[in-house]
Amino acid sequence: MQTEEGYTLCGYYGADNLGDELLLLVCQGNLSLSAILDRKAIWESLFSILQTKRGLVFGGGSLFQNSTSLASLLYYAGLAHWAFFWGKPVHLLCQGLGPLEGSLAKIIAASVFQLASTASMRELGATEIALLAAWGIDYTADADLVWALESPAASLPSISTRPVFLINLRPAKQLTQSALQQIACFLDTEIAPHYTIKGFALESSDQQLLSELASLCAESFAIENIYNSETFLRERERLFAGVTHGLAMRFHGLVTMIGAGIVPLGLSYDPKVSALCLSAQLPCLELSNPACWDQLNAQTLQQLQDLDKTKLSNWRQEQAKKAQRALKSLSEHQ
């Protein structure tokens, strides 16, 4: 909801990335907002911050990192310092942290966390926890905002006689042609005999990778492209129909699968993915380990199939409570 008395919201919105669009949807549904910043309109953004009554909120995601670019980190840090300079409270809502490469990036990120009025954090790895401790930051350990979405109703039955295996990939330097061939081999030998395979693209770059992977498999597979939050909510029961297991690289690929009662295998390109899988007690292959592809085998699939779905569902409900608690706390903050 938007009102003149609300917060100004900032995030990586409007870039056709489903995860970020879901973050925006949750914030819009749970916070009183006066403006949502547009990354393409810097002067309007600066003016919106001056006009805000309650402060500037960085709503979800991993905004304070330089794996995208140093310019991105400087942009978000600049907005935080601009708000602070004009006496506007800065709130970090269910934020991730990093990766931060180099001392300059760490100094910039630390300066934002040290000026923030409140800091709530989503799943963190040991490195990020150590950084926050070194910076002297008091924070609340919460969960990603997308967990606050209501779980979908029971999925539609699959039109296939077999269960569906859902796969999401995203660009990463470790995801080479050789790596794609090894994933294709795993799908052909271990997955295709027992499942119907389907791709799930959360961003256009995912679709390109999944198309390439499908061309490497003995039999191609269908790919669902959903980048818009409203489309996702409308189509998710159909999207997840018959899906029992999956493989996901994107953080929000894992979150949306778990939220739909699916048991996914994590493929980690980033510490946030590793931290999520560790917390959920899901198997996870680390792309930083060149030998990880040797673990794409029947034993890993069996491990996935043997996981306790009830335990995973209970863990998901705990994450939802944490996300809702963070939203309520900020909504009531004076």
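This is a predicted model: local features need pLDDT of at least 70, side-chain atom pairs count only at pLDDT 80 or more; totals for chains, interfaces and linings use all residues.
Q: How do you know whether the radius of gyration agrees with that of a compact globule?
A: The radius of gyration is taken over C-alpha atoms, and the globule rule is 2.2 Å times the number of residues to the power 0.38. For 334 residues a compact globule would have a value near 20 Å; the protein has 20 Å, so the two agree. Along the principal axes, the C-alpha atoms fill a box of roughly 60 × 40 × 35 Å.

Q: Why is Asp142 called buried?
A: Buried means under 20% relative accessible area, exposed over 50%, and partly exposed in between (1.4 Å probe, protein chains only). Asp142 has a relative accessible area of 6%, so Asp142 is buried. Of the 334 residues of the protein, 54% count as buried.

Q: Why is Arg325 called a salt-bridge partner of Asp142?
A: A salt bridge is a side-chain nitrogen of Lys or Arg within 4 Å of a carboxyl oxygen of Asp or Glu. The closest N and O atoms of Arg325 and Asp142 are 2.5 Å apart, so the pair qualifies. This pair links distant parts of the chain, with Arg325 in helix 12 (residues 309-332) and Asp142 in the loop between strand 6 and strand 7, 183 residues apart. Arg325 has 43% relative accessibility and therefore counts as partly exposed.

Q: How many salt bridges does the structure hold, and which residue pairs with Asp144?
A: The structure holds 7 salt bridges. Asp144 pairs with Arg122, their closest N and O atoms being 2.7 Å apart. Both Asp144 and Arg122 are buried.

Q: What makes Glu203, Asp206 and Arg250 one network?
A: Glu203 forms a salt bridge with Arg250, with the closest N and O atoms 3.6 Å apart. Salt bridges that share partners join Glu203, Asp206 and Arg250. Arg250 has a relative accessible area of 8%, so Arg250 is buried.

Q: How do you know that the buried residues of helix 8 lie on the same side?
A: The buried residues of helix 8 (residues 229-239) are Ser229, Phe232, Arg236 and Leu239. They cover an arc of only 75° around the axis, which puts them on the same side of helix 8; the arc is that of the directions from the helix axis to the C-beta atoms. An α-helix has 3.6 residues a turn, so residues three or four places apart point the same way. The face turned away from the buried side carries the exposed residues Glu230 and Arg234.

Q: What covers the buried residues of helix 8?
A: The cover includes helix 1 (18-30), strand 8 (196-201), strand 9 (222-225), strand 10 (243-248) and helix 9 (251-259). Contact here means heavy atoms within 4.5 Å.

Q: What makes a group of residues a nonpolar core, and which members of the largest one touch the most others?
A: A nonpolar core is a set of buried Ala, Val, Leu, Ile, Met, Phe, Trp, Tyr and Cys residues joined through side-chain atoms within 4.5 Å. The largest core has 82 residues, of which Leu93, Ile167, Leu169, Ile183 and Leu187 touch the most other members. Helix 6 (residues 177-191) gives the largest share of this core, 7 residues. Apart from it lies another core, of 33 residues, including Leu73 and Ala105.

Note on methods
Residues are numbered from 1 along each chain as its sequence is written. Side-chain values use heavy atoms; hydrogens and water are left out. Helices (H or I, at least four residues) and strands (E, at least two) are DSSP runs, numbered from the N terminus.
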